[in-house]
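Colleague: I would like to go through this model feature by feature. Please give the general idea each time, and then the case at hand.

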Amino acid sequence: MRKAQKKQAEDFVELLGQAHDEIRKEIEKKNIPTVLSLLADCQEGAMSLGELIEKTEGEDAATIPLLERYCEELYRIHEELAQGNPMGANKVYKNLRQWILKIKSSIRNEIKTRLEVVFLPYKASMWDSLESVWKAADADPDCDAYVIPIPYYDKKADGSLGTYHYEGNDMPPYVPVVHYEAYSFQNRKPDVIYTHNPYDYANYVTSVDPRFYSDELKKNTECLVYIPYYATSGGMAEGQSLCPVYLNADYIIIQAEKYRKFFDPMISRNKLVPFGSPKFDKVIHMCANPPELPAGWKEKMAGRKVYFYNTSIQGMLGNTVGFLKKMDYVFKCFQGRGDACLLWRPHPLMESTFNSLRPMYKPLYDALKNAFISENTGIYDDTPDIECAIAHSDAYIGDAGTSVTSLFGVAGKPIFILNNNIHTLPREDDWRGEVVNPTFDMWGNDRYHVTRNNQLWVSENNDYHYHFYMDLGIGYSAGGYYIRALEIKDIIYVLPGNAQNLLIIKDKRIRKIDFEIQITQVGAFWNYWYNEKYIFLLPNQYPLLIRFNIETEEIRYVDGVRQFNARDVEGEWRTGGIQIYGNELVFASPEDNNFLFLDIDTLKSRILSSHSECNLGTQGMVPEGDNLWLMPLNGMTITCWNPKTEEVREYGDLPQNFKSIKWPHELECEERPFGMIALFKEKSSEGNEKENIVISPSWGNMYLTLDRETGKMEEWKPPIPFKNRGKNGYFVAGGMGGFVITIPQFGKAERRIWYAPERKLYDINLATREWREVPIEFDYEDLKEHEPGFMEESEWLQYCLNENAFNSLIDFLDGAITGNQFDRERQLRAFSKINADTEGRCGERVHRFVKSSGR
């Protein structure tokens, strides 16, 4: 009997019991005609209940004879009363109640509830996110499980529905499929519906048929369960914190307890059930018992290690040109190798995403794909079953931001994360592009440098000659946890980026100060400012500005600054500039002409506007007396603003060939054209002082000079021939670099310029054009000795090896790893943090839970 039918039967019995109460009352009142009518109603109800039970359980159901005896007793009482024979009210009531208790017990204990459970995959390749739950339901004798693949559509550029897709015919042959037109949700009202589509209308690339949006599904079931189609290696994308299905689902299956914190606060935590992932179930079981190889794979794999190459949508959209170059580079690394087989599996939505969001690059992708297949470079895997490919692969290579890494992680197979900017093997000094990326101090104190692998290096003489000092002890190899180390009065303060604490180091002893609020997003803080009394940590994703008192170690949290200074502007996260102005820190809005002034002592704030129509978001500010020079985030106009007098002057008379080029897409734009500005005076041959203004570029293609009076800007050619981009993928640079702003150099012609494309620092006299390079040095052997190799990477990727100049793709294929060698047990321990069920029984646990949940 279906759950709803059993409830209907139980409700019938409750109504009969209520009628017995009325019968007793009416007998006491001697209202016999009403009693006779009630007895007839009870008999009619019992007969209807019997028909329901007989229809679902058969005529041999144990409850049927009890209902018959009950009806006989009703008839006997009816006849006695109709003939005028007196009957005691309590005796009649107790007699009928005994029969009802027997019937109720029989229904409860002898009629088994059968659940009707429906699974709604839409992509056959994503079926693994539901399969182990379906297997548990299908094996349950008290459950009827239906797999109903639903149609989906590619979306057109305008958001309307485009090409229709139905993949019911692509499901595994052992899965019985019901066509979606042959099942009426309105009539059958399944007890449970499982879906793995979270987006409903909110996906820009595809959409399931609107009839199967989660709000429509919820109308036809008591229990809607969402299981993510992906698995993650540690975190969740911010866009996954709130999806339409979350609002309608009764339960959301999550991988582990730690994932609760990633969901939007409006989602009830009671909905979140930490059981693991069916995707993990399948890969764990299939790796233990690999299936037969698809046709044509065995010959290509014979005698070779198999490398699973995963190309993700996130990687493609992030830098499409670099992504395509990377594909070509990877293919070439495998060509001609007798010891390695490349198994390439693109994301199942890759081609539709190209068509929808990057159509101009689709022919290049097609050419690479066709060459890979025609030249027999490796195995092109477009099968619906990713676990088969994983089971027969020896290692993973590909992007980090994909659920596939977690599948290899729980399977205990090596993970090599590719850098899509790298398209060549490393040459002798290419390691400099990755290592030499100092954050320059505004007071010129650059003794300490935090490297990309969370180590602290020191230059004893503050001359940029660094050697290893100590590990920061966070246990992860990925950089970005800390952005800067300041030495103040013989104490080192290590300032956070992704981390949410401050490190204080003295005599190589680390003391950690945790912040009160902890968030889940990457990029808690984006910058800092300090003086002899305070350190200010500037929030990016962290909700509050933090002021740390160096003398007392008091922490003050300031609300309102982050919301003003860091915002989502047209789908892009942007931060405005910051500068000191008197005793106030000035925070610029990233999207308009407003500025927040914060007193560094009292923490009182005020908001002023430049009232400039050209000033739509400010990237940087340079003080000049009472003036602030404003470098735009949007637009090609520099603004000079006096907050005290409210005077504004705007300068936009640019050279005709000046351009701003957006990296990495290499598109001409009007964003971030300028970097910083240098103002200084020099004496002319006549003895007069001449003002000079030199502007460095950000995304712009040249340095500029500015005549304050005429407003005219002209190209200023530095004495070194600078260019915009790095020489190769190890030297990634969004622009040509610019002025290193240090307070002692304000107003002087002597400036430092950081040349980002070659990771070089120069002292340049802007007036005389004299220059010298300031060498930044690391000992290569020292770097190799402290290279992490295979290690726990971050909170968002548990364990892997990252491609870099010390560990190239060829190094990985050759087994020539610098740093820690692969440790399978260590990897399995690391990935157990993100999988609540390491034995592959998530599906069984989900089915048991939902079955017993009472919904």
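Modeller: What follows covers a helix pair, a set of strands and some backbone angles. This is a predicted model, in which local features need pLDDT of at least 70, side-chain atom pairs count only at pLDDT 80 or more, and totals for chains, interfaces and linings use all residues. Residues are numbered from 1 along each chain as its sequence is written, and side-chain values use heavy atoms, with hydrogens and water left out.

Colleague: At what angle do helices H16 and H21 pack?

Modeller: Helices (H or I, at least four residues) and strands (E, at least two) are DSSP runs numbered from the N terminus. Axes are lines fitted to C-alpha atoms, for helices over the stretch in contact, and angles run from 0 to 180 degrees between N-to-C directions. Here H16 (residues 404–411) and H21 (residues 824–831) pack at about 125°, with axes 8 Å apart. Angles under 35 degrees count as roughly parallel, over 145 as roughly antiparallel, 65 to 115 as roughly perpendicular and the rest as oblique; H16 and H21 are therefore oblique to each other.

Colleague: Which residues of H16 and H21 make the contact?

Modeller: Contact means heavy atoms within 4.5 Å. H16 contributes Thr405, Ser406, Phe408, Gly409, Val410 and Ala411, and H21 contributes Arg824, Gln827, Leu828 and Phe831. Sorted by class, the contact of H16 with H21 has five nonpolar, four polar and one charged residues. In that scheme Ala, Val, Leu, Ile, Met, Phe, Trp, Tyr, Cys and Pro are nonpolar, Asp, Glu, Lys and Arg are charged, and the others, Gly among them, are polar.

Colleague: Is strand S24 buried or exposed?

Modeller: Buried means under 20% relative accessible area, exposed over 50%, and partly exposed in between (1.4 Å probe, protein chains only). Five of the five residues of S24 (residues 545–549) are buried, so the strand is largely enclosed by the rest of the structure. Leu545, Arg547 and Asn549 lie on one side, Ile546 and Phe548 on the other, and both faces are covered.

Colleague: Which strands pair with S24?

Modeller: Strands of a sheet pair through backbone hydrogen bonds, either parallel or antiparallel. Two strands pair if DSSP finds at least two bridges between them. S23 (residues 534–539) is joined to S24 by four bridges and runs antiparallel to it; S24 also pairs with S25 (residues 555–558), antiparallel, over four bridges. Arg547 of S24 stands opposite Phe536 and opposite Arg556 in S25. S23 and S24 form a hairpin with five residues between them, and S24 and S25 form a hairpin with five residues between them.

Colleague: Where does Glu553 lie?

Modeller: Glu553 lies in the loop between S24 and S25. Its phi is near 65°, a positive value in a residue other than glycine. Glu553 is partly exposed, with a relative accessible area of 29%. Lys489 has a positive phi near 55° and sits in the loop between S18 (482–488) and S19 (491–496). At 65% relative accessibility, Lys489 counts as exposed.

Colleague: In what order do the strands of the open sheet run?

Modeller: Four strands form it in the order S28-S29-S30-S31, with antiparallel pairing. S28 (578–581) and S31 (605–609) are the edge strands, each pairing on one side only. The twist averages 25° from one strand to the next. Within this region, S29 (residues 584–588) and S30 (residues 594–599) are joined by five bridges, and Val586 stands opposite Phe597 in S30.
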